[in-house]
Amino acid sequence: MRPDIRGTNEYRVPDTMQAWVLGGPEELSLVDKPVPEPGPAEVLLRVDAIAVCATDIEVLQHGRPAMIDGELPFHKNWTPGHEYMGTVVKLGPGVDEFEVGDRVTVEVHAGCGRCQRCREGMYTSCLNYGYRAKGHRANGFTTDGGFAQYAINNVNTMVHIPDEMSDPEATLVVTAGTAMYGLDVMGGIIAGEAVVVIGPGPIGLMGVAVAKALGAQPVILTGTRDSRLEMGKQLGADEVVNLNREDPVEAVRRITKGKGVQYVLECSGAPNALNEAGQMVNRGGRICLAAFPHEPVTVDLAHLVRNNIYVFGIRGEGKSATHRAAAFMMQKRFDATLIHTHTFPLAEVPTAIKYARERIEDAIKVVVQIHEH
Ligand SMILES: [Zn+2]
Ligand SMILES: [Zn+2]
């Protein structure tokens, strides 16, 4: 619980708040908005910090995958941003899972809770995505997100975090949760198995950390920038391969003494990544695509079929993976803060996004600290 709220029964919630809203593509403006009211199964969070995600940049440019009642999110007085954490300041009717003053980090997708996928625990693939009347929420995609002082969250999208975890570290839980979901969907017995992670972006680097925490051996990270590969080593990679210097497939064969690996987590979106992954896994191996190329690509399907290779795709952070990633971070199994490189205040969200987009000063995760403690 926050020292500035602890011991008080009531946090004084103001009537209005500052929030960034999206006009047309790339048009963000800081406005005053009414502070929303939490409904049943919801709480109001004071947003303390939020990280910029590559998907935020996609949404600002193209709208998708954000979608509001079946339409693109432009000119809807809508607030983006989804990788945030904060403090509970008001409870909706019937909520007893949280208390005012609790520090939490959030998952993005609440789902609708009524469709087949939500009932299966695949709430990131909700069949009612974007239809608020059906109860669907995915904050920063289909409902208001966290580039604001306050945000509504369903109780099913919040994870308690300890006082020792800093605000910026807590914003990274959902990124680690996405990486964990990728390892989950491969149905893997990870401990003792060889895992390749392609692409040392935020999800790839967290993929390395989570795979190592799950006991994978060896964890091999491939990429093009030595600084990122070095960070991968600090997060648990046993071997790193710079594709500018060595063919990644040959490197994986060399490291595994010709055997190949059981699992590949593809986080680069490179056009040839799936073909390379197919050559890295052994027969019956499994590949999870956590990134994708923007154009259709040519894939050697015969190789995948003949070798009984399984290919999975993930969307977001399903199956409560965020809770499990948070548990690893609470146990200090890896230091996610290594990927946090820059911090800006709420007034400078466009600058924060520019740093993340253009990787200014080698930016990886750029955090906006909204509430100053
Ligand atoms: Zn994200
Ligand atoms: Zn659903």
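Good morning. I begin with lysine 319, which sits in the loop between β15 (310–313) and α10. Its phi is near 55 degrees, a positive value in a residue other than glycine. Because its relative accessibility is 41%, lysine 319 counts as partly exposed. Please bear in mind throughout that this is a predicted model.

Arginine 359 is not a glycine, yet it has a positive phi of about 50 degrees. It belongs to the loop between α11 and β17 (365–369). With a relative accessibility of 45%, arginine 359 counts as partly exposed.

I turn now to the metal sites. Which residues coordinate the zinc ion that is ligand 1? They are Cys53 through SG, His82 through NE2 and Glu83 through OE, at 2.0 to 2.3 Å. Along the sequence, these donor residues follow the spacing C-x28-H-E. Two of them, cysteine 53 and glutamate 83, link distant parts of the chain, being 30 residues apart. Cysteine 53 is in the loop between β3 (42–51) and α1, whereas glutamate 83 is in strand β4 (residues 83–91).

The zinc ion that is ligand 2 has four donor atoms. Cys112, Cys115, Cys118 and Cys126 each coordinate it through SG, at 2.3 to 2.4 Å. What is the geometry of this site? It is tetrahedral, with angles of 102 to 116 degrees among the donor atoms. The spacing of the donor residues in sequence is C-x2-C-x2-C-x7-C. Within this set, cysteine 115 and cysteine 126 are eleven residues apart and link distant parts of the chain. The loop between β6 (109–111) and α2 (116–119) holds cysteine 115, and the loop between α2 and β7 (137–138) holds cysteine 126. Both of these cysteines are buried.

My next topic is the packing of two helices. Helix α1 covers residues 54–62 and helix α11 covers residues 349–358; their axes are 10 Å apart and meet at an angle of about 105 degrees. The two helices are therefore roughly perpendicular to each other. From α1, the contact is made by Ile57, Leu60 and Gln61, and from α11 by Ile353, Ala356 and Arg357.

One joins arginine 64 and proline 65, with omega about 0 degrees. Proline 65 is in the loop between α1 and β4. Another runs from glutamine 217 to proline 218, with omega near -10 degrees. The loop between α5 (202–213) and β11 (219–223) contains proline 218.

I close with two residues in helices. Asparagine 275 is part of helix α8 (residues 273–280). At 18% relative accessibility, it counts as buried. Leaving aside residues up to four places away in sequence, asparagine 275 touches Thr298, Val299 and Asp300. Alanine 327 lies in helix α10 (residues 321–330), and its relative accessibility of 28% makes it partly exposed. Its C-alpha atom is separated by 19 Å from that of proline 202, a residue 125 places apart from alanine 327 along the chain. Thank you for your attention.

Terms used: Residues numbered from 1 in each chain as written. Chains lettered and ligands numbered in written order. Predicted model: local features only at pLDDT ≥ 70, side-chain atom pairs only at ≥ 80, totals over all residues. Heavy atoms only, no water. Axes fitted to C-alpha atoms, helices over the stretch in contact; angles between N-to-C directions. Helix = DSSP H or I, 4+ residues; strand = E, 2+ residues; numbered from the N terminus. Parallel < 35°, antiparallel > 145°, perpendicular 65-115°, else oblique. Contact = heavy atoms within 4.5 Å. Donors = N, O, S within 2.8 Å, 3.2 Å for Na, K, Ca; no water. Tetrahedral: all angles 85-135°; square planar, octahedral: opposite > 155°, others 65-115°. Buried < 20%, exposed > 50% of the residue type's maximum accessible area, 1.4 Å probe, protein only.
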